[in-house]
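Subject: Structure for your review

Dear colleague,

My notes on what was found in it follow directly after.

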Amino acid sequence: MTNDPLASQPAPTGASAGNADGPENGAKVQVSLRINGNDYRIRIDPRTTLLDCIRETVALTGTKKGCDHGQCGACTVHVNGRRVVSCLTLALLHDGDEITTIEGLGTPDAMHPMQAAFVACDGYQCGYCTSGQIMSAVALLKEPCGPDDASVKELMSGNICRCGAYPGIVAAIQHVRKH
């Protein structure tokens, strides 16, 4: 007789018991993603976030991993034209979706107007949050937003800048909105 209360518990079954079909044993799923106009047919662990898929599998590292809890906005991308914090969504849920990352917005020689405004208005300092800030700002252009700075700040409140570049960020957004 044993004093261990778990000794009489039944043995686990299925994936938790090490079944070859469980994700912890390398089972992968096929997903088709269209990222920045390019099609990717990849096999991933079903638990892979869209952020990790973009950064680790597709190797587009402009989208940043900040808090990994959806609180900072550094991982913001567009899915079918809408902003999404990519750390909180599974990649397999976006099978067939159109995804745009900062790399798909513009190039150094042909910047998106928001990218150019961030440079002109000093909308960045260390740069870590900048890609997420720009992706949110571009999405904001298509969303209902009042004309004043307070309205812009409200719609950008999901993106945190630890350096405090907020005046430049708001100025960049307002510059693009007016032109």
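Helix α3 (residues 130-140) is largely enclosed by the rest of the structure, because 11 of its 11 residues are buried. Buried here means under 20% relative accessible area, exposed means over 50%, and partly exposed lies in between (1.4 Å probe, protein chains only). Helices (H or I, at least four residues) and strands (E, at least two) are DSSP runs, numbered from the N terminus. The buried residues of α3 run through Thr130, Ser131, Gly132, Gln133, Ile134, Met135, Ser136, Ala137, Val138, Ala139 and Leu140. They pack against β3 (76-79), β4 (82-85), β5 (98-100), α2 (113-120), α4 (149-155) and α5 (166-178), where a contact means heavy atoms within 4.5 Å.

Please note that this is a predicted model, in which local features need pLDDT of at least 70 and side-chain atom pairs count only at pLDDT 80 or more, while totals for chains, interfaces and linings use all residues. Residues are numbered from 1 along each chain as its sequence is written, and side-chain values use heavy atoms, with hydrogens and water left out.

Overall architecture

The protein chain contains 5 helices and 5 strands, arranged from the N terminus as β-β-α-β-β-β-α-α-α-α. Of its 179 residues, 38% are buried. Among contacts between residues at least 6 apart in sequence, 53% join residues at least 24 apart. The chain exposes about 10,000 Å², of which carbon and sulfur atoms supply 52%; accessible areas come from the Shrake-Rupley method with a 1.4 Å probe, and for residues only the protein chains shown count as cover.

Nonpolar cores

A nonpolar core is a set of buried Ala, Val, Leu, Ile, Met, Phe, Trp, Tyr and Cys residues joined through side-chain atoms within 4.5 Å. The largest one has 21 residues, and those with the most contacts inside it are Met114, Phe118, Ile134, Val152, Met156, Ile169 and Ile173. Helices α2, α3 and α5 each supply at least two residues of this core. A second, separate core has 14 residues, including Val31, Ile44, Cys53 and Ala91. Beyond its neighbours within four places in sequence, Ile173 touches Met114, Ala137, Leu140, Val152 and Met156.

A buried loop residue

Thr63 sits in the loop between α1 (50-57) and β3. With a relative accessible area of 1%, Thr63 is buried. Setting aside neighbours within four places in sequence, its contacts include Leu51, Ile54, Arg55, Val77, Thr101 and Ser131.

Cysteines

How many disulfides does a search of the whole structure find? The search finds 0, a disulfide being a pair of cysteine sulfur atoms within 2.5 Å. The sulfur of Cys67 has its closest cysteine sulfur in Cys72, at 3.8 Å, which is too far for a bond. Likewise, the sulfur of Cys161 is 3.9 Å from the closest cysteine sulfur, in Cys129, and this is too far for a bond. Cys161 is buried, with a relative accessible area of 6%.

Backbone angles

Most residues other than glycine have a negative phi. Asn36, in the loop between β1 (29-35) and β2 (38-44), has a positive phi near 55°. Asn36 counts as partly exposed, at 22% relative accessibility. Asp122, in the loop between α2 and α3, also has a positive phi near 55°. At 52% relative accessibility, Asp122 counts as exposed.

Yours sincerely
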